[in-house]
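Please look through the sequence and the 3D view that follow before reading on.

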Amino acid sequence: MNITKIIFVLVSLFITPSFRATPQSHTSDKLKYFTPYIGYSINPREEEKKEGRLRTYHMPSIGVVYSWSKVTRIEGSTRASYAGYNLYVENEFVLNAPKFGIGPKMGMNYSLSFFNIGTEFICYTNFDRATLYFRPYLGLAVGPLRTSVGYNVALSDKKKLRINPVSISLAIPLFMPK
């Protein structure tokens, strides 16, 4: 499958829900709020084996998110349409690596219905070396609650910290507005 087909499918997924006919009677709620959240990422490593097993880096994180969303409810129905974006800063803690490290990051994502697309900039460091990574990702989300699969792209090459390109993440808000 070439890149043009992949882009067409992704764009179609995000645009199609916005072309639905909306009944005359509906209500919209706009939400804007800050909330702390926790996250967890796993980063499997194929190059390194530890005692004959695949080594996986575990990266819990904590951060804060600013969320803006619009929820449209159709009267007489349980259906709702969701659109929104999140801006966030957080810090990942790189566990079970040869040397403990951290990864401060900032990012943003956009959600339409349950689909989520976003980008992050992460600076992983073990206090001897540091590498800046760019991570675009796709996933599923409801407000700031999201799960995603991302691809790490190193932006600096000198003495870079080796992080596997694929990352699987989950972010959970600690408080949600009513």
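How much accessible surface does the protein have, and what share of it belongs to carbon and sulfur atoms? The accessible surface comes to about 10,800 Å², and 66% of it belongs to carbon and sulfur atoms, with areas taken from the Shrake-Rupley method using a 1.4 Å probe and, for residues, only the protein chains shown counting as cover. This is a predicted model, in which local features need pLDDT of at least 70 and side-chain atom pairs count only at pLDDT 80 or more, whereas totals for chains, interfaces and linings use all residues. Residues are numbered from 1 along each chain as its sequence is written, and side-chain values use heavy atoms, with hydrogens and water left out.

**Overall build**

- The protein has one helix and nine strands, where helices (H or I, at least four residues) and strands (E, at least two) are DSSP runs numbered from the N terminus.
- Read from the N terminus, the order of the elements is α-β-β-β-β-β-β-β-β-β.
- Of the 178 residues, 36% count as buried, a word that stands for under 20% relative accessible area, while exposed stands for over 50% and partly exposed for the range in between (1.4 Å probe, protein chains only).

**Charged pairs**

- There are eight salt bridges, each being a side-chain nitrogen of Lys or Arg within 4 Å of a carboxyl oxygen of Asp or Glu.
- Glu 92 and Arg 135 meet in a salt bridge at 3.8 Å, N to O, and because Glu 92 lies in strand S3 (residues 80-94) and Arg 135 in strand S6, the pair ties together parts that are 43 residues apart in sequence.
- Arg 135 also forms a salt bridge with Glu 120, the closest N and O atoms being 3.0 Å apart, and both Glu 120 and Arg 135 are buried.
- Through shared partners, salt bridges join Glu 90, Glu 92, Lys 105, Glu 120, Arg 135 and Arg 146 into one network.

**The loop between S5 and S6**

- Asn 126 is placed in the loop between S5 and strand S6 (130-142), and it counts as buried at 10% relative accessibility.
- The side chain of Asn 126 reaches the backbone nitrogen of Asp 128 at 3.0 Å and the backbone nitrogen of Arg 129 at 2.9 Å.
- Asp 128, which is exposed with a relative accessible area of 60%, forms a salt bridge with Lys 99, the closest N and O atoms being 2.6 Å apart.

**Nonpolar surface**

- A nonpolar surface patch of about 1,100 Å² includes Phe 34, Val 64 and Val 149 among its residues; patches are made of residues with over 30% relative accessible area and no salt bridge, like charges being joined within 9 Å and nonpolar side chains (Val, Leu, Ile, Met, Phe, Trp, Tyr) within 5 Å.
- Strand S7 (145-151) and strand S9 (166-173) are the elements that give two or more residues to the nonpolar patch.

Definitions and conventions
A polar contact is a pair of N or O atoms within 3.5 Å; within protein, one must be able to donate a hydrogen and the other to accept it, and residues adjacent in sequence count only if both atoms are side-chain atoms.
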